[in-house]
Amino acid sequence: MRSVRATRIAIVAWMGLGATGCLAWRVESVPPRDLLRGGSVPAVRVTKADKSKVEIWSPKLVGDSIIGHPSEVAIARLVMPLSQVQTIATKHRSFGRTLLIGAGVLGAVGAYALLQSLNPPGY
C-alpha cells in the first residue's frame, strides 16, 4: 500500500516538474539591439562591464537604451544604456536540469519506499 502511495507521489512530482521545467539563463550571440527588436523577449539578464548582472523584465529598446522593470511584478522603470551592456542572456528551458531534479525526486521517493518496506508490520 505504501509503495503505491510512493509511486503516485513520484508520478505527480514528475508531472509537476515536466509541466514547469527548469529555466536557465543562456547568453545570446546576437547583439542586444537585434534581440530586442522583435519585442517577444519576456526578460533579459544584462552583464555590465564591471561583471555585475541586472535582470530587466518586459525589456524594450528605446533609442540607445533598454527600458524595462527590475522584477516581473515591479512598477518601477529601469533604464540601461546599451553602452553598458557587455553580454545579454535570455531564459530558456533546461532539459538537463529538469531531468536531474526529476531523477533526484524519484530517487528520494524510491529511498523512502525502500526504507518503509524495511519496517516490521504494524509500524
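# Reading a predicted structure: a dialogue

Reader: Is Arg37 buried or exposed, and what is its relative accessibility?

Author: Arg37 counts as exposed, because its relative accessibility is 58%. A residue is called buried under 20% relative accessible area, exposed over 50%, and partly exposed in between, using a 1.4 Å probe and protein chains only. Please note that this is a predicted model, in which local features need pLDDT of at least 70 and side-chain atom pairs count only at pLDDT 80 or more, while totals for chains, interfaces and linings use all residues. Residues are numbered from 1 along each chain as its sequence is written, and side-chain values use heavy atoms, with hydrogens and water left out.

Reader: With which residue does Arg37 form a salt bridge?

Author: A salt bridge is a side-chain nitrogen of Lys or Arg within 4 Å of a carboxyl oxygen of Asp or Glu. The partner of Arg37 is Asp34, with the closest N and O atoms 3.4 Å apart. Both residues belong to helix α2 and are 3 residues apart, about one turn of the helix. Asp34 counts as partly exposed, because its relative accessibility is 42%.

Reader: How many salt bridges does a search of the whole structure find?

Author: The search finds 3 salt bridges. One of them joins Asp64 to Arg33, whose closest N and O atoms are 3.0 Å apart. Asp64 is in the loop between β3 and β4 whereas Arg33 is in helix α2, so this pair ties together parts 31 residues apart in sequence. At 54% relative accessibility, Asp64 counts as exposed; Arg33, with a relative accessible area of 33%, is partly exposed. Another salt bridge pairs Arg45 with Glu55, at 3.4 Å between the closest N and O atoms. That pair links distant parts of the chain, as Arg45 is in strand β2 and Glu55 in strand β3, 10 residues apart. Arg45 is partly exposed at a relative accessible area of 22%, and Glu55 counts as partly exposed at 28%.

Reader: How many helices and strands does the protein chain have?

Author: Helices (H or I, at least four residues) and strands (E, at least two) are DSSP runs, numbered from the N terminus. The protein chain has 3 helices and 6 strands. Read from the N terminus, their order is α-β-α-β-β-β-β-β-α.

Reader: Which residues make up the nonpolar patch on the surface?

Author: Patches consist of residues with over 30% relative accessible area and no salt bridge; like charges are joined within 9 Å, and nonpolar side chains (Val, Leu, Ile, Met, Phe, Trp, Tyr) within 5 Å. Here Leu114, Leu115 and Leu118 form a nonpolar patch with about 330 Å² of accessible area together. Such areas come from the Shrake-Rupley method with a 1.4 Å probe, and for residues only the protein chains shown count as cover. Leu118 is placed in helix α3 (residues 95–118) and counts as exposed at 61% relative accessibility.

Reader: Which residues make up the largest nonpolar core?

Author: A nonpolar core is a set of buried Ala, Val, Leu, Ile, Met, Phe, Trp, Tyr and Cys residues joined through side-chain atoms within 4.5 Å. The largest has 12 residues, including Leu35, Val44, Ile56, Ile66 and Ile88. Two or more of its residues come from each of α2 (32–37), β2 (43–48), β3 (53–62) and β6 (85–94).

Reader: What does Val44 contact, leaving aside its neighbours within four places in sequence?

Author: Contact means heavy atoms within 4.5 Å. Among the residues that Val44 contacts beyond those neighbours are Trp25, Leu36, Val54, Pro59 and Thr90.

Reader: Where does Ser65 lie?

Author: Ser65 lies in strand β4 (residues 65–69) and counts as buried at 17% relative accessibility. Not counting residues up to four places away in sequence, Ser65 touches Lys60, Val79, Met80, Pro81 and Leu82.
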